[in-house]
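Please look at the sequence and the model before reading on.

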Amino acid sequence: AVVSTQSGHYGRGRVSGSTDYFVNDYDEAIKTVRDIVHLHSKLFPAPEGWSEKVEEKCSFSSDVSQIVADIADEGNVLKFKEQFGAGIQCAFAKLGGLKVGILAGEGEIDGKGALKASNFVQICQQTDIPLIFIQGDVTTSYTRELASLMRSVAIATVPKITLVTGNAAGHAYLAMCGGGLLPDLSYQWPGAKVTCDDGESDDVRSLDAWDCSSNMVCDDVILPGETRETLRLSLLAALAFRNTDLRTGTNSVLKF
């Protein structure tokens, strides 16, 4: 990981993306390094009072930053290349004591955002960290960087879980581990929609959460208050499945 102070932060953080974490001073740099070590350490037990905190933490917020904060263990979120790229946020976190890499999309994903996300997925694959994809109102144009992201997601063998909370459109939906890229489990909030293209044609077809569920585009429709516990159990199921001899060549857990 590359941690950079204020000197040269604009070029490294916003233009080239060569800095993974930007800090203001030496003390913050030390804290960031400690956070990195903590979040990449071995599994920790779920925090006390987990079940009691599920309902009170999760809200109906459409802000993906708030959703990330809601589902992660308190104080266990470390954003990756925060100043580089638009439309997608990447963060290492712990969810019920389990290490996860979270990609949260909101708005239009630009080339830099897709490149950052591709790099993040590769790091999680190399370090065996499960991936959670959160899709808000997300869209994009098809670019070389987006193709790189799709490839990274497609070949990743770590557990992959997708949650759609807003209107996910076309290539953005697919690149963030939509149905075509075989997530282990996929969920949608009741108000979510999946649009079949990027809105460039006059005949745009959208599927709401219930249509997606009935057509097996997603596995279940869940309420915001159920999100943390659902994701935690899904991670445990996906991890347990990878430790059995039941795999048949795909990345998906057994579904009934």
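## Basis

The model is predicted: local features need pLDDT of at least 70, side-chain atom pairs count only at pLDDT 80 or more, and totals for chains, interfaces and linings use all residues. Residues are numbered from 1 along each chain as its sequence is written, and side-chain values use heavy atoms, with hydrogens and water left out.

## Positive phi angles

Most residues other than glycine have a negative phi. Lys81 has a positive phi, near 45 degrees. Lys81 belongs to the loop between β3 (77-80) and β4 (88-95); strands are DSSP runs of E with at least two residues, helices are runs of H or I with at least four, and both are numbered from the N terminus. With a relative accessible area of 7%, Lys81 is buried (under 20% is buried, over 50% exposed and in between partly exposed, with a 1.4 Å probe and protein chains only).

Asp128 also has a positive phi, near 60 degrees. The loop that holds Asp128 runs between α5 (111-126) and β6 (131-140). Asp128 is exposed, at a relative accessible area of 58%.

## Cysteines

How many disulfides does the structure hold? There are zero, a disulfide being a pair of cysteine sulfur atoms within 2.5 Å. For Cys90, the nearest cysteine sulfur is that of Cys124, 8.3 Å away. Cys90 is buried, with 2% relative accessibility.

The sulfur of Cys218 has its closest cysteine sulfur in Cys212, at 5.5 Å, which is too far for a bond. Cys218 is buried at 4% relative accessibility.
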